[in-house]
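Please consult the sequence and the structure while reading the account below.

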Amino acid sequence: MRNTACGRGSNWGDGLVRRDLDRIRHILLRCEAATASKHILADFCIQDRYQINMMAEAGLVDLDNPSSGPYQFRPEAIDHLAIPRRLATFEITWEGHDYLEAVRDGLAWEKTQKAVVASGGGATLGIVKSLALGFLKERLKGQTGISV
């Protein structure tokens, strides 16, 4: 299913080049729910493609263009329909699945977001993962009495 309109900003000046942890979580959830393990980059809107490129840099996904090696997100590689001129694919890595397990739970994700905002609004991917895991561990301890 092609998704060319993300609903949040459509121009380069609309915050496209900011990391969006909510969008990253959504992309991982969407990919995990799909029937195929490889995903076509062109099936994602331009804002998601930028996030996917950053996810590749962080090791959450493997991003590949079979004809010419690793895909690099470049504005000039996008035509007027916001579709890459070459077919690039990606798949979730082991680290990506681990990150998704940490942020999957809606309640833990909500608490994580609130904690980040309360601390000033910025956090690295590692801190976000650690916070989410902390909230999950807290809940597990409450349910089982076991500290993990």
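**Overall architecture**

The structure is a predicted model. The chain contains five helices and three strands, and from the N terminus on these elements run in the order α-β-α-β-β-α-α-α. Of the 148 residues in the chain, 39% are buried. Among contacts with a separation of 6 or more, 69% are between residues 24 or more positions apart. The chain exposes about 8,500 Å², and carbon and sulfur atoms supply 55% of this area.

**Salt bridges**

Side chains of opposite charge can pair when their charged atoms come close. A search of the whole structure finds nine salt bridges. The table gives three of them.

| Salt bridge | N to O distance | Separation in sequence |
|---|---|---|
| R104 and E32 | 2.7 Å | 72 residues |
| R139 and D105 | 2.3 Å | 34 residues |
| E138 and K111 | 3.9 Å | 27 residues |

R104 is partly exposed, at 27% relative accessibility. E32 is also partly exposed, with a value of 33%.

The salt bridge between R139 and D105 has an N to O distance of 2.3 Å. Because R139 lies in helix α5 and D105 in the loop between α3 and α4, this pair ties together parts that are 34 residues apart in sequence. Both partners are partly exposed: R139 has a relative accessibility of 30%, and D105 has a relative accessible area of 23%.

E138 and K111 meet at 3.9 Å, N to O. E138 lies in helix α5 and K111 in helix α4, so parts that are 27 residues apart in sequence are tied together. K111 is partly exposed, with a relative accessible area of 33%.

**The largest pocket**

Rolling a probe the size of a water molecule over the atoms shows where empty space is left. In this model, the largest pocket holds about 250 Å³ of space. Its lining consists of 14 residues, of which L21, D22, W109, Q113 and V116 are the closest to its centre. Which elements give two or more residues to this lining? They are α1 (21–33) and α4 (106–118). Helix α4 gives the most, with five residues.

**A residue in strand β3**

T89 lies in strand β3, which covers residues 89–92. Is T89 buried or exposed? Its relative accessible area is 13%, so T89 counts as buried, the limit being under 20%. With neighbours within four places in sequence left aside, T89 is in contact with K38, H39, I40, L41, D62, L63 and D64.

**A nonpolar surface patch**

L140, I146 and V148 make a nonpolar surface patch of about 290 Å². V148 is found in the segment after α5 (125–144). V148 counts as exposed because its relative accessibility of 61% is over the 50% limit.

Conventions:
Residues numbered from 1 in each chain as written. Predicted model: local features only at pLDDT ≥ 70, side-chain atom pairs only at ≥ 80, totals over all residues. Heavy atoms only, no water. Patch = residues over 30% accessible without salt bridge, like charges linked within 9 Å, V, L, I, M, F, W, Y side chains within 5 Å. Areas by Shrake-Rupley, 256 points an atom, 1.4 Å probe, with all protein chains shown as cover. Salt bridge = Lys/Arg side-chain N within 4 Å of Asp/Glu carboxyl O. Helix = DSSP H or I, 4+ residues; strand = E, 2+ residues; numbered from the N terminus. Buried < 20%, exposed > 50% of the residue type's maximum accessible area, 1.4 Å probe, protein only. Contact = heavy atoms within 4.5 Å. 1 Å grid on protein atoms, 1.4 Å probe; cavity = no way out; pocket = protein on both sides within 12 Å on 5 of 7 lines; lining within 4 Å. Points joined across faces, edges and corners; volume = space filled by probe spheres on them.
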